Structures are given as C-alpha cells and as structure tokens.
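Subject: Structure handover

Hello,

Here is the structure you asked to look at. My notes follow below it.

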Amino acid sequence: MTDVTSAKTARRSHHWRRDVTELAALFTAVAVADAIANLIGHQPDGPYLLIASAVALAATAAFHTWWARRHSHAPPPTRTDLIPEGDSVSHRTDAAATALVTTPATTGPALSPEDAVLWRMRTTVRDIPGSLAALCVALARHRVDILTLQTHPLAEGTVDEFLLRAPAPLQAQQLSRAISAAGGSSTWIERADAHDLVDAPTRILGLATRTALDAAELPLALRQLLGRCTIHSLPAVSLTGRTTGGTAPVEGVLEETVMRLRDPSGGAITVERPYLPFTPTEFARARALVELDARLGPRMPRSEQVLTLPEGNEITVRRADRNDLEEARAMHDRCSEQTLRLRYHGPVRDADRYLDHLLSPRFGRTLAVQTASGRLVALGHLLWDGDETEVALLVEDEWQRRGIGSELLGRLVTLAIEAGCESVYAVTQASNTGMVAAMRALSLPLDYQIEEGTLVITARLDATPVRSLPPYEQAGR
C-alpha cells in the first residue's frame, strides 16, 4: 500500500512541475514575440520580415513533426492477434504479453481449415516470468495458432494446456521437440476435433447440465472433463452382500494419476489416467460435479415412446432404474432357464442379484419395454465398463422373435453414440443366433472373438457418420 501511495504522489508532483514550466515558457514566448514585433514592425520592410518568419516557423514545425513520427521511440502497438481471446492465465501473463508484442510474428499466410489440424497439448514449465512467453514464441516460429489456453498451478511449476491449430505437415514429434527446447517438460500431445473448440467454462457448464438432467451422465461427464481416462464405479456392497471396502473420504483423494471420489449412491468412483498426473484444478472440477450429483439425488428423464410391432401389438419403450426392480424380478420368474443362461452366462439362481447393479444409473443406462397392460417384458442395458461399453439384452420368452431385441439394441447404440463411445461389445454364446442377428442388423463394422464357447461381438461406432446431440442440446433447439 505504501508503494502505491508514493507512486501516486510522485505522479502528482511531476505533473505540477511540468505545468509550471509550460506556463512560464508560454509567457516568455509571448513577451519575446511582442518585442520582436515592435522592433521590426516600425521598419519599412517590417511586415515582410514578419510574414517570412511565420513561414519559416511553420516549416520548422512541420519538419519536426515528420521527424518525430519517423524516429519515434514509443513502444510498438500491442499485437493482440498473438494473444488468444478469452484465455485463463496466471500472473505470468504480463511478462508473456511483453515478450509477445516485442517479438516479430512469423511471416506467411494464415492457415486455412483445409491446411491445418487441431492438437491438444499439455506441458509443464517453471512458474517464472517469461516461461509462457517462450512457449508462445516457439509455437509462432512453427506457424502454430493458439486457440485456447488454460494454466494449472502446481506446488512446483505450472501445467499449461493449449488447443492449437498447426500446419498439417507439422508432426507431433516436431512440436514436442520445439516445446522441450522452449522449457516445457512432461509434454503430452493428442489430436483434437471441432468439439474441443468450445471454451472451458462453456464446456463445464454443459457437462453440469447433463449431470443435472440424468444421474447416468456423471461417469460420462467425468470422462469428457478429464480427457482419456478410465472410470470405475465400485459399490459399497458386492453382489454377494459383502463389504467391498470401496469408500473414499468426502473431500476425495488425489494421488498423481489416480483420483478417488465418494459416490453419492454408495461406494467410490476411481478415475485413472496413466499418461499425465491430474492437477488440483482438475480434481476440484471433478469433485464439484460429484457434489452436484449428490445434492440433486436420484433422477432420470421420464421420456417414453409408444411403438407398434409388425403384428399390431403396441409396446412402450422408456428408461428404467431401481424403481423397476420388482417388475424386473417378476420378468425373471417368467423367463426360462435357457433365456437367463444366454443372458447372464452363469448360474441362473444368481440372476436376481445382478438386477440391483444393472438398474443403477451409476453403472449405465437401462431401457425397458412394457406392454399395453403395463407388464415389463424386456430390458436392454448399456453398461460403462471402464473405458469400454457393453450392451446386453433380455427379452421374455413369449415376446422373442418379434423385433423387440433389435429395437432395443438400435436405441442403445444411439445412446452410446451420444455419449461419445468409440465402440460397444456384446458377450453371448455362439448358439445365441438372435443376438448375433441383432448385432449384424446394425450395419456397423463388427469384430468377432470366440473363446471356449463365449462369443464377444464388438461394433465400432467411429464409422458412424452422424453424431446425435445430447438431450439438453436437443431441448435447446
């Protein structure tokens, strides 16, 4: 506070002395001009001498103005085109901006979308003035545009996260070497797409909205928030009724590349990312999403759609959760042992134990099919399995071979595409011709793997040309 006060006092003192000096110079100039006018004006050639003097003074003033502009020592104008708009940076910004505006920009035409690729990059630098500027200069030399920038302060150093637009011929190895030479360490680079162009606050608000609308969105929101990572939900009690020990403190735990958060529905959510340690900022954002989920409690979109089967019967397809547990158990009782064995690949007497887990929104999404009388006759599950996604179907015997399984599977794949999943897989037996036919009817690239009678069919979703909008965006439109 003392430094600020002394600076203001010095500025006021400097302005006062300058004003007095200028006023004294003005009076002196007026007095001298009056004396010269009186001396010359009474001579025969006085008026001509005055006119000549005025012209000389005007020419001198014009020359001085031209010379001052040509040889000015003023700093160059700020290069705002080198500083990304809407960035979130630390106190190193002033030093970085100073270096940027005094460094000539790399010459060359601007990159067109056809000649450029998007990269996401993270690197760790020392938290000293000029470290960020060195990275920006290194990127500018390779004609790389900085689209967004975020900083994550650490105890030692700072993690800088960039979204870059680089020339297509520039390889990740070249970019990494340039950043390393500029002082970056632990650099991680991966290709980005147009969805990454959304700025961080907007993206986080969108994820919070999705989480608020649907409890099943929490694992997906965490995955999109933290990038490529593996998320495991461990219940507090296993299917056999034993305590799993899967608990976490209320405030969570952060250990390098692993974070553990308390699951509001019981148990713990573990997030792992092997390639880069999590930062405290990322941990705080993830914990905020989990706290939002806990405050809102159980919730699920109550949308349903009535369909007519080829034979004329009407069915209703809707989301299901643990409130449908009793109806699902009643459907189990009506299913044959062969149907349950094809679905659960194990002892059918334990089938009811799986339902509480399968109907939990924390582990995935479930679609239910009801008849016109309200009886539950089919269930379709989309299950989050770490960084993979499983689809599973169960149709009551009397309602099989009517197209219900294919309808459910198509809807589950649509949900997987909306969630950004790259593939889905189904585990069944080679004799389950109905499931095999339903997977083939998706018209997607399929991979088959058979081992000891168990068939795993994987459908690759990255070949899907159109990506649907999430529910909150559809509602907005």
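The notes below go from the whole chain to a few local regions.

This is a predicted model, in which local features need pLDDT of at least 70 and side-chain atom pairs count only at pLDDT 80 or more, while totals for chains, interfaces and linings use all residues. Residues are numbered from 1 along each chain as its sequence is written, and side-chain values use heavy atoms, with hydrogens and water left out.

Overall

The protein has 14 helices and 16 strands; these are DSSP runs (helices H or I, at least four residues; strands E, at least two), numbered from the N terminus. Of its 477 residues, 37% are buried, where buried means under 20% relative accessible area, exposed over 50% and partly exposed in between, with a 1.4 Å probe and protein chains only. The exposed surface comes to about 27,100 Å², and 55% of it is supplied by carbon and sulfur atoms. Areas are from the Shrake-Rupley method with a 1.4 Å probe, and for residues only the protein chains shown count as cover. Of the contacts between residues at least 6 apart in sequence, 64% join residues at least 24 apart; a contact means heavy atoms within 4.5 Å.

Two strands pair if DSSP finds at least two bridges between them; S1 (residues 116-125) and S3 (residues 158-167) have 10 bridges, in the antiparallel sense. Val125 is opposite Thr158 in S3.

The S9-S10 hairpin

S9 (residues 304-308) and S10 (residues 314-320) pair in the antiparallel sense over 5 bridges. The two strands form a hairpin with 5 residues between them, and Gly312 in the turn has a positive phi of about 110°. Gln305 is opposite Val317 in S10.

Thr270

Thr270 is in strand S8 (residues 268-272). At a relative accessible area of 17%, Thr270 is buried. Its C-alpha atom is 5.9 Å from that of Met259, 11 residues apart along the chain. Leaving out residues up to four places away in sequence, Thr270 touches Thr230, Ile231, His232, Val258, Met259 and Arg260.

Helix H13

In H13 (residues 433-440) the buried residues are Met435, Val436, Ala438 and Met439. Seen down the helix axis they fall within an arc of 160°, so they line one face of H13; the arc is that of the directions from the helix axis to the C-beta atoms. Their cover includes strand S13 (388-395), helix H12 (404-418) and strands S14 (423-429), S15 (446-451) and S16 (454-460).

Cysteines

The whole structure has 0 disulfides, a disulfide being a pair of cysteine sulfur atoms within 2.5 Å. Cys136 is buried at 8% relative accessibility, and Cys421 is buried at 9%.

Regards
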